[in-house]
Amino acid sequence: MIEDSPFVAAAPVLVPMPAERPYTYAVPAGMRVVPGSIVRVPLGPRQVAGIVWDGVVEKVDAKKLRPIEQVFDCPPIDRAMRRFVDWVAQYTLSPPGMVARMLLRAPEAFDPEPWIEGLQRTFARPDRMTEARTRVLETAQGGLAWTRSGLAHAAGVSSTVVDGLRAQGVFETVMIPPRPVVAAPDPGYAQPSLMPDQSDAAETLRANVATGTFGVTLLDGVTGSGKTEVYFEAVAAALDRGKQVLILLPEIALTHAFLERFQERFGAKPAEWHSDLPPRMREKVWRQVAEGGVRVVAGARSALFLPFRELGLIVVDEEHDPAYKQEDRVFYNARDMAVVRGHIGGFPVVLASATPSVESRVNASQGRYSRAVLSARFAEAALPDLQTVDMRRAPPARGGFLSPVLLGHMRQTLERKEQSLLFLNRRGYAPLTLCRVCGHRFGCPVCSAWLVEHRFRGQLVCHHCGHNERRPEACPECGTLDHLVACGPGVERIAEEVVAHFPDARTIVLSSDLMGGVRRLRLELEAIANGEADIVIGTQLVAKGHNFPNMTLVGVVDADLGLANGDPRAAERTFQLLSQVTGRAGRTGKKSLGLLQTFQPDHPVMRAIVSGDAEAFYEREIAERERAGLPPFGRLAGVIVSAATRAEAEGHARGLRRAAPQATGLFVLGPAEAPLSLIGGRHRFRLLIQGERRADMQGFIRTMLAEGPKVRGSVRVQVDIDPQSFL
């Protein structure tokens with residue numbers, strides 16, 4: 001209740017909306033809030049959750065303030081996380097309220113979980129004993145409380161047996177706390193036997209954790225070198241110090257094998273955090289992380305914004321992976337933000353990869369990061385022999401996409417009862433469908449993109465906005481029947497070709513858009529690991545650290561695909577992706593082979609992969625970046641202007657360009673129509689700001705936005721600091 005005096009206590013509250021600063025609310029008499037308290041406040045006609053923020057608020061006339069409605073019974077968001085939210089907002093030029101929104105994604109978790117009705121043994125005896133009752137009483141010995149169903153299941157009886165004993169007073173009703181989402185991990189559960197270089201790296205990481213101070217270590221090891229086992233030792237050291245741990249993975253929803261490896265080492269699985277987690281489980285994980293009950297989380301990039309109570313270590317696995325970049329609402333790179341989170345919280349960060357990003361390699365060479373190198377595969381398993389297949393000299397048969405060289409090795413692999421993997425980073429059946437009579441091409445009606453044929457589903461699909469339509473029998477332009485032709489291959493088309501060559505082989509297609517979603521993909525990955533497939537055809541998700549013991553041949557269908565664009569990171573990404581894919585072969589010691597079908601066998605990326613001389617590739621790529629002033633030696637930022645009409649988008653973008661201030665070491669390129677100039681019916685123009693490493697990029701863009709035209713009508717402006725995509 002608000003006091004009668006004209007002035008009352010007030011508090012700044014950050015609400016989950018595009019607010020540039022916290023709003024001030026009255027604190028009713030008798031209510032206690034502290035910075036970090038999660039509260040319910042009125043916002044217009046709605047009630048929303050917000051966070052009491054830092055800062056001094058002067059006494060304000062009570063008539064001008066609306067009161068805080070409720071303080072949730074929830075641990076406050078700690079100061080380190082509040083500082084992290086402010087830092088992310090300032091760096092990414094995002095409203096702090098939108099960053100805080102990522103913290104508040106589980107509103108049902110703000111109140112404590114209800115206690116559960118349970119049963120506990122009394123001193124009473126049943127009127128008669130049966131075999132089923134005896135099992136129940138033996139199970140319930142020790143005075144522990146059980147749920148009704150849990151006790152029945154453990155004793156191997158029906159719930160009616162338990163009900164009968166409770167009716168006779170043998171059990172009494174008690175309330176028990178909610179069950180933890182995962183059991184507590186045991187750092188000493190199954191200590192591994194490590195190779196010498198693994199032991200050295202593990203000791204380095206353990207020492208870093210023991211100091212309890214900030215530092216970044218780049219764990220750089222070839223595929224199959226046992227990086228996971230090494231950083232598990234850092235996890236164990238953090239758990240021994242009573243700290244919580246966050247392990248970031250680019251495709252956590254698919255990495256079932258990782259969860260099992262964690263359980264084998266620590267005796268319990270980590271809590272998961274990703275978009276496919278059921279809402280009720282998300283709420284439980286969020287709450288138990290905040291209370292400190294969950295000690296280890298394995299999560300996607302959004303797990304960075306979980307309210308850890310005692311966070312003491314972050315591991316970023318596959319740190320080079322583009323999936324760590326979020327490009328929606330708040331644009332951020334989870335790898336870089338993990339380093340910031342560690343710096344603010346004063347604890348170590350581990351970045352692990354077989355193909356580190358150029359940025360991380362440069363940071364290590366310049367002494368900002370330490371570097372631990374694993375140069376050999378675990379148990380001395382040999383790396384695959386890598387060769388290019390020159391498609392100019394060994395072309396596929398007419399209408400096909402697989403070279404006779406690759407097909408021959410696939411046949412030999414089948415004869416040895418081993419597995420082959422064909423990689424093509426293109427979903428669907430074909431990237432373009434056209435009419436052979438009139439030349440009509442099927443394009444998305446609201447995007448400047450071709451529709452991709454998905455023959456398994458009988459649809460043409462836009463991979464940018466999701467538009468889909470049935471594949472017609474006749475051309476919609478000229479009406480000719482049976483003259484539509486698929487141009488270029490996708491994984492479905494490669495599967496068709498494989499079945500034609502090897503009709504008796506067990507073939508699996510792995511792609512993120514196949515029917516059945518994550519559950520089906522997990523099952524199929526498990527089936528492949530168990531040897532239940534002969535030939536696997538997949539997109540880039542097959543490169544995500546999976547361990548296929550019987551995989552001895554990897555064929556890259558189109559090794560040139562990633563090089564055919566203007567992305568300044570194209571060579572680096574192609575090198576990383578192809579190295580990761582070919583690294584799926586021979587992980588258990590069998591002789592293995594990787595074949596790269598290419599029209600450019602002399603390209604530096606192809607030479608680096610085949611020779612195994614990664615250092616030469618990094619030296620060349622780093623030198624080129626430095627010469628061009630590109631990251632990490634310079635800075636980039638994108639400004640994307642979109643609108644319902646082309647004229648609106650272009651006009652606003654040109655207005656921003658004119659408003660750009662004069663600044664030393666910073667210049668603006670554009671505006672230019674984006675390569676994907678139309679997405680979801682919105683026209684898009686891009687400006688690119690390039691600057692020196694120490695340039696005030698954020699200040700420059702803030703001035704440009706403030707001095708430029710105001711956002712009106714359908715116009716939207718999005719800033720992307722450190723862009724990873726240039727489409």
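R265 lies over the face of F266, at 4.7 Å from the ring centre, where a charge counts as sitting over a ring if NZ of Lys or CZ of Arg is within 6 Å of the ring centre and within 35 degrees of the ring normal. A second case involves R361, whose charged end sits over the ring of Y618, 4.5 Å from its centre.

This is a predicted model, in which local features need pLDDT of at least 70 and side-chain atom pairs count only at pLDDT 80 or more, while totals for chains, interfaces and linings use all residues. Residues are numbered from 1 along each chain as its sequence is written, and side-chain values use heavy atoms, with hydrogens and water left out.

## Aromatic residues around F266

F266 belongs to one aromatic cluster with Y231, F232, F258 and F262. Rings of Phe, Tyr and Trp (its six-membered ring) are paired if their centres lie within 6.5 Å, and planes under 30 degrees apart count as stacked, over 60 as edge-to-face and the rest as tilted. By this rule there are 13 aromatic pairs. In one of them, the ring centres of F232 and F266 are 5.6 Å apart and the planes stand at 75°, so the pair is edge-to-face. This pair links distant parts of the chain, since F232 is in helix α7 (residues 227-240) and F266 in helix α8 (residues 256-266), 34 residues apart. Helices (H or I, at least four residues) and strands (E, at least two) are DSSP runs, numbered from the N terminus.

Several residues discussed here are buried, a term that means under 20% relative accessible area, with exposed meaning over 50% and partly exposed in between (1.4 Å probe, protein chains only). The table gives the values for four of them.

| Residue | Relative accessible area |
|---|---|
| F232 | 2% |
| F266 | 0% |
| E318 | 11% |
| S357 | 2% |

## The parallel sheet and its surroundings

An open sheet of 7 strands, with parallel pairing, has the order β12-β13-β11-β14-β17-β10-β18; two strands pair if DSSP finds at least two bridges between them. At the edges stand β12 (271-273) and β18 (370-374), each with a single partner strand, so one side of each is left without a neighbour in the sheet. From one strand to the next the twist averages 20°. Within this sheet, strand β11 (residues 244-248) and strand β14 (residues 311-317) run parallel and are joined by 5 bridges, and I247 stands opposite V315 in β14.

Helix α11 (residues 358-365) lies across β10 (215-221), β17 (348-353) and β18, running at about 115° to β10. Axes are lines fitted to C-alpha atoms, for helices over the stretch in contact, and angles run from 0 to 180 degrees between N-to-C directions. S357 lies in the loop between β17 and α11, and S357 touches E319, H320, R335, E572 and Q576, not counting residues up to four places away in sequence; contact here means heavy atoms within 4.5 Å.

## Helix α13

In helix α13 (residues 491-501), the buried residues are V491, E492, R493, I494, A495, E497 and V498. These buried residues pack against α12 (404-415), β20 (419-423), β22 (452-454), β25 (484-487), β26 (507-510) and β27 (535-538).

## Backbone exceptions

Most residues other than glycine have a negative phi, and most peptide bonds are trans. L93, in the loop between α1 (79-92) and α2 (96-103), has a positive phi near 60°. E318 likewise has a positive phi, of about 50°, although it is not a glycine, and E318 is placed in the loop between β14 and β15 (325-328).

A cis peptide bond joins P631 and P632, with omega about 10°, and P632 is found in the loop between α17 (614-628) and β30 (634-643). The peptide bond from G670 to P671 is also cis, with omega near 10°, and P671 lies in strand β31 (residues 666-679).

## The chain as a whole

The protein chain has 19 helices and 33 strands, and 52% of its 727 residues count as buried. Its radius of gyration, taken over C-alpha atoms, is 29 Å, which agrees with the value near 27 Å that a compact globule of 727 residues would have; the globule rule is 2.2 Å times the number of residues to the power 0.38. Along its principal axes the C-alpha trace spans about 85 × 75 × 60 Å. Among contacts between residues at least 6 apart in sequence, 75% join residues at least 24 apart.
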